[in-house]
Amino acid sequence: DGQFMVALFLWTLWKRQPNRVQWARERWEDIAGLGDWFLWQFAHPEISGATDVLWSDSESSGWPFKVGPSLYVDVGARESLYALAEIADALGEAEKARAWRSRADALRAAIERNYLGETAEGLAWCRQDSWDGQTNLAPIILPCDRLGLDVPRIEPEWLAYNRAAGAVNRRNFVPGAAMGYCQAFTLQAALLLDAMEDAARFLRQDALMIYNPVEQPYIIPESARQLRPGVFTRTGDLGNCVQQAEILKALRIIMGVDDAGDSLRLIPRLPAGWTGASVAHYPAYFGQLTAELSCAYTLTLRVEADRPLPAVRFRAGPFAEPVGEAWGLLDGRAIPAREEQSGDAYWIWLEIPAGLTAFAAQAGFEDT
């Protein structure tokens, strides 16, 4: 898991370099080593233990209680190989890009063979789990870093499996474990699958567990334990980095600045009962440019940027089941609106034209 995290970090950093080709060329030996390490394991199964999937003695495979295949590791490896292939393409390293994509494609098929199983919710990622079943959320929470936050569209072939795995996880989830790879993974998956009622419940649990008036208003512990309903105690160290990072990722999903690829989408997800969310000085990447955004969403989205923005796709919501037609406004003028149902709510998509540095967009249904 550390291998693929380093690879995805370098890919993210590479995308934001002003001269990305030169930057990658100067570091190509190390970048190539990241991708080739996965190939080496499949080429030497007698040493690595790999079959059609990777072998791991990571916590994500259940160490120290068990070792072996891990859905989290295999999905992460697949994601990093696709990401590193983008760098190889930019440098003209066609053979390397082909080899990495070929292995990523093979991993995708192997993941389906090795980790899908029947559940009460349908076919889902339910085999060889760890972290109280949290590793089964890997196909939901990992691809969004590379492909974006619009989960129904980024991997439609896996959407039914992901929805079933998310439903199983939410049904079985007991609060009070690792804040990152238990609490936050569950929250991220609920948000990304638009299960907004559950997301609101998980957020409240998380807030109770990270409230710390002694050190500062909120600080994220490594773990927490529920003593009785509504009463938690923190365990482990305060400020554990990976636990903080995953909670912050959940907050990033709520705000919904989605700059994966060379486009820009704004997909805020306000949990049930929330009235708004805002972020300031947020660096949004698109087309090898970075704009600094300030966004506030209270069902009206207000955006200011330090440079003209590309065309923006904005999703408003969540809304209860509508009885009227969807409508949209851009700076007070009517624009086309398209509704969709996802998760336990309804949403409205608006298309914001390119070239704006500030705008206000609003959407709703005739009865709201």
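I took helices (H or I, at least four residues) and strands (E, at least two) as DSSP runs, numbered from the N terminus. The model is a predicted one, and I kept to pLDDT of at least 70 for local features and 80 or more for side-chain atom pairs, while totals for chains, interfaces and linings use all residues. Residue numbers run from 1 along each chain as its sequence is written, and side-chain values use heavy atoms, with hydrogens and water left out.

**Overall build.** I found 13 helices and 15 strands in the protein. The radius of gyration (over C-alpha atoms) is 21 Å, close to the 21 Å from the globule rule (2.2 Å times the number of residues to the power 0.38) for 368 residues, so the protein is as compact as a globular protein of that length. Along the principal axes, the C-alpha atoms fill a box of roughly 65 × 55 × 45 Å. With contact meaning heavy atoms within 4.5 Å, I noted that residues 24 or more positions apart account for 60% of the contacts with a separation of 6 or more.

**Burial and surface.** I called a residue buried under 20% relative accessible area, exposed over 50% and partly exposed in between (1.4 Å probe, protein chains only); buried residues make up 53% of the 368 residues. The protein exposes about 16,300 Å², of which carbon and sulfur atoms supply 53%.

**Ring pairs.** I paired rings of Phe, Tyr and Trp (its six-membered ring) if their centres lie within 6.5 Å, and counted planes under 30 degrees apart as stacked, over 60 as edge-to-face and the rest as tilted. By this rule I have 13 aromatic pairs. Trp 131 and Phe 185 form an edge-to-face pair, 6.1 Å centre to centre with 70° between the planes. This pair links distant parts of the chain, 54 residues apart, with Trp 131 in the loop between β2 (122-125) and α7 (138-141) and Phe 185 in helix α11 (residues 179-192). Trp 131 and Phe 185 are both buried.

Why is the pair of Phe 319 and Phe 365 edge-to-face? The ring centres of Phe 319 and Phe 365 are 5.5 Å apart and their planes stand at 90°, so the pair falls in that class. Here strand β10 (residues 312-319) supplies Phe 319 and strand β15 (residues 358-365) supplies Phe 365, 46 residues apart, and both residues are buried. I also noted that ring pairs link Phe 4, Tyr 72, Trp 131, Tyr 181 and Phe 185 into a cluster.

**Gln 205.** I located Gln 205 in helix α12 (residues 196-210), where Gln 205 is buried with a relative accessible area of 13%. Apart from neighbours within four places in sequence, Gln 205 is in contact with Phe 173, Pro 175 and Gln 183.

Key. Accessible areas come from the Shrake-Rupley method with a 1.4 Å probe; for residues, only the protein chains shown count as cover.
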